[in-house]
Amino acid sequence: MKIKSTVTFILLLVIMSCKQEVKPSLVKKKEKQDNQIAKPKIEKVKDSLVIRYFPKVKDTVKLDTLIAYEKIRVVLIESYIKDSYVTNSFETEKGVTYEDRYLDSKRDVQIFKEGKKLVDTSFIKSSFLNERNKELIKVANFHGYWFKGANRYVVDFFGAICQPETDWCYDFYHIYDLKERKFITKEYIDPEGG
């Protein structure tokens with residue numbers, strides 16, 4: 001009886017020790033993956049200056065949408081403009097200055113109606129901002145540009161140009177008039193004032 005209890009106890013210890021070895025390695029892998037996703041590309045550290053670049057990966061994103069009943073096709077391509085950054089700097093309590101550089105982007109827009117190409121153009125933030133928005137142009141990047149919908153008269157888009165890590169944005173509707181064959185830009189005003 002004692003031998004059976006001892007063998008059972010030893011087997012239990014072996015099983016428990018195996019489980020303890022497996023768990024930490026799984027946790028470390030997950031932590032490592034999370035850190036890889038969250039960390040921006042850090043170029044250099046010099047004299048208490050850390051320069052970080054966002055985004056870490058500079059992918060081109062293409063969205064191709066077909067509105068079959070209206071025979072309208074919209075292609076949006078988001079890509080980054082080489083060496084075009086907006087900078088956000090701040091200093092920590094320890095005297096280290098972080099300079100975050102956000103790469104600016106552009107949007108290529110193509111609109112087809114019944115197989116015929118009506119629009120093939122590119123937009124950057126200055127396509128929508130003017131002299132009134134000089135300060136925002138300096139500190140903001142082209143945050144987003146989305147296809148909202150289409151009918152036989154118009155193709156609707158919505159865009160945002162924002163200072164990174166803040167709520168300071170210029171949001172706008174961008175409408176392509178299919179009859180007039182021109183774009184119309186209207187600033188979005190939040191009805192709640194936010």
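**Exercise 1. How many aromatic pairs does the count come to?**

Solution. The structure is a predicted model, in which local features need pLDDT of at least 70 and side-chain atom pairs count only at pLDDT 80 or more, while totals for chains, interfaces and linings use all residues. Residues are numbered from 1 along each chain as its sequence is written, and side-chain values use heavy atoms, with hydrogens and water left out.

Step 1. Apply the rule: rings of Phe, Tyr and Trp (its six-membered ring) pair if their centres lie within 6.5 Å; planes under 30 degrees apart count as stacked, over 60 as edge-to-face and the rest as tilted.

Step 2. The count by this rule is 19 aromatic pairs. One of them joins phenylalanine 123 to tyrosine 145; this pair is tilted, with 6.2 Å centre to centre and 35 degrees between the planes.

Step 3. Because phenylalanine 123 belongs to strand S6 (residues 116-123) and tyrosine 145 to strand S7 (residues 141-150), the pair ties together parts that are 22 residues apart in sequence. Strands (E, at least two residues) and helices (H or I, at least four) are DSSP runs, numbered from the N terminus.

Step 4. Phenylalanine 123 is buried at a relative accessible area of 10%, and tyrosine 145 is buried at 6%. Buried means under 20% relative accessible area, exposed over 50%, and partly exposed in between (1.4 Å probe, protein chains only).

**Exercise 2. Describe the pair formed by phenylalanine 158 and tyrosine 173.**

Solution. Step 1. This aromatic pair is edge-to-face, with 5.4 Å centre to centre and 70 degrees between the planes.

Step 1. Phenylalanine 158 lies in strand S8 (residues 154-162) and tyrosine 173 in strand S9 (residues 169-177), so parts 15 residues apart in sequence are tied together.

Step 2. Phenylalanine 158 is buried, with a relative accessible area of 17%, whereas tyrosine 173 is partly exposed, with 30%.

**Exercise 3. Which residues of the largest nonpolar core touch the most other members?**

Solution. Step 1. A nonpolar core is a set of buried Ala, Val, Leu, Ile, Met, Phe, Trp, Tyr and Cys residues joined through side-chain atoms within 4.5 Å.

Step 1. The largest such core has 25 residues, of which Phe128, Tyr145, Phe147, Val155, Phe157 and Ile161 touch the most other members. Among the elements that each supply at least two residues are strand S4 (72-91), strand S5 (97-113) and helix H2 (134-139). S7 gives the most, with 4 residues.

Step 2. Consider tyrosine 145 again. Leaving aside residues up to four places away in sequence, tyrosine 145 touches several residues, including Leu76, Arg107, Phe128 and His174; contact means heavy atoms within 4.5 Å.

**Exercise 4. Where are proline 55, glutamate 165 and arginine 181 placed?**

Solution. Step 1. Most residues other than glycine have a negative phi, and most peptide bonds are trans.

Step 1. Proline 55 is in the loop between strand S2 (49-54) and strand S3 (61-67). A cis peptide bond, with omega about -5 degrees, joins phenylalanine 54 to proline 55.

Step 2. Glutamate 165 is in the loop between S8 and S9; its phi is positive, near 65 degrees. Glutamate 165 is exposed, with a relative accessible area of 66%.

Step 3. Arginine 181 is in the loop between S9 and strand S10 (182-187); its phi is positive, about 55 degrees. Arginine 181 is partly exposed, with a relative accessible area of 47%.
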